[in-house]
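Please look over the structure shown below.

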Amino acid sequence: MDTFRVCFVCTGNICRSPMAEAVFRSHVTEAGLGDRVAVGSAGTGGWHVGDPADPRTTRTLEAAGYELVHVARQFEPSWFGEHDLVVALDEGHERELRAGAPTAGDAAKVRLLRTYDPSASERDGFGFDVPDPYYGGTHGFEEVLRLVEAAVPGLVSEIAAVLDERDEGRAAGATGGEAR
């Protein structure tokens, strides 16, 4: 059975990406895909490598019922080969990840999280970015959680569909038939 690997990426890996990781992990588990989907997070920069999540991230997640065990790390271009999907939290991260991708196929693995939110638009005040709450107060972290929670179900649905296609392809290959 294949494991679908996802990495969420923000700037320092202490606010947005760990929040997305925790919410996504919870939804994947609820969808019964916990044994088929691996999730992690990282930052584009190394300032916080080895640090826990920002305490405001942890408090916001705990208040909403999510669990997070986290140590910040920096995304390395070699990780593209280990992941099926690299989910950027804003357009700056998306550009940086695509620019650092070793191949065009690796660059194609990069997606913006809010593109999975059917209500997201260029006119909603955020565009397709999840804003950085680091320099603000608690409200910013709650807003990030709201945006992440709105996008994660669409992401989980897409991954479930990919896993179903993989299963159908394997079943067709095992029986000598053609995949649909």
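Which residue is the bridge partner of Cys-7 in β2? The partner is Gly-40.

## Basis

This is a predicted model, in which local features need pLDDT of at least 70, side-chain atom pairs count only at pLDDT 80 or more, and totals for chains, interfaces and linings use all residues. Residues are numbered from 1 along each chain as its sequence is written, and side-chain values use heavy atoms, with hydrogens and water left out.

## The sheet

Four strands form an open sheet in the order β2-β1-β3-β4, with parallel pairing (strands are DSSP E runs of at least two residues, helices H or I runs of at least four, numbered from the N terminus; pairing needs at least two DSSP bridges). β2 and β4 (110-112) are the edge strands with a single partner each, so one side of each has no neighbour in the sheet. On average, neighbouring strands are turned by 25° against each other, direction ignored (axes are lines fitted to C-alpha atoms, for helices over the stretch in contact; angles run from 0 to 180 degrees between N-to-C directions).

## Strand β1

In β1 (residues 4-10), 6 of 7 residues are buried (under 20% relative accessible area, 1.4 Å probe, protein chains only). β1 runs parallel to β2 (residues 37-43), joined by 7 bridges, and Phe-4 stands opposite Val-37 in β2.

## Helices

α1 packs on the sheet and touches β1 and β2, its direction making about 170° with that of β2 (contact means heavy atoms within 4.5 Å). Helix α3 (residues 91-100) lies across β1, β3 and β4, at about 175° to β4.

Note on methods
Buried means under 20% relative accessible area, exposed over 50%, partly exposed in between (1.4 Å probe, protein chains only).
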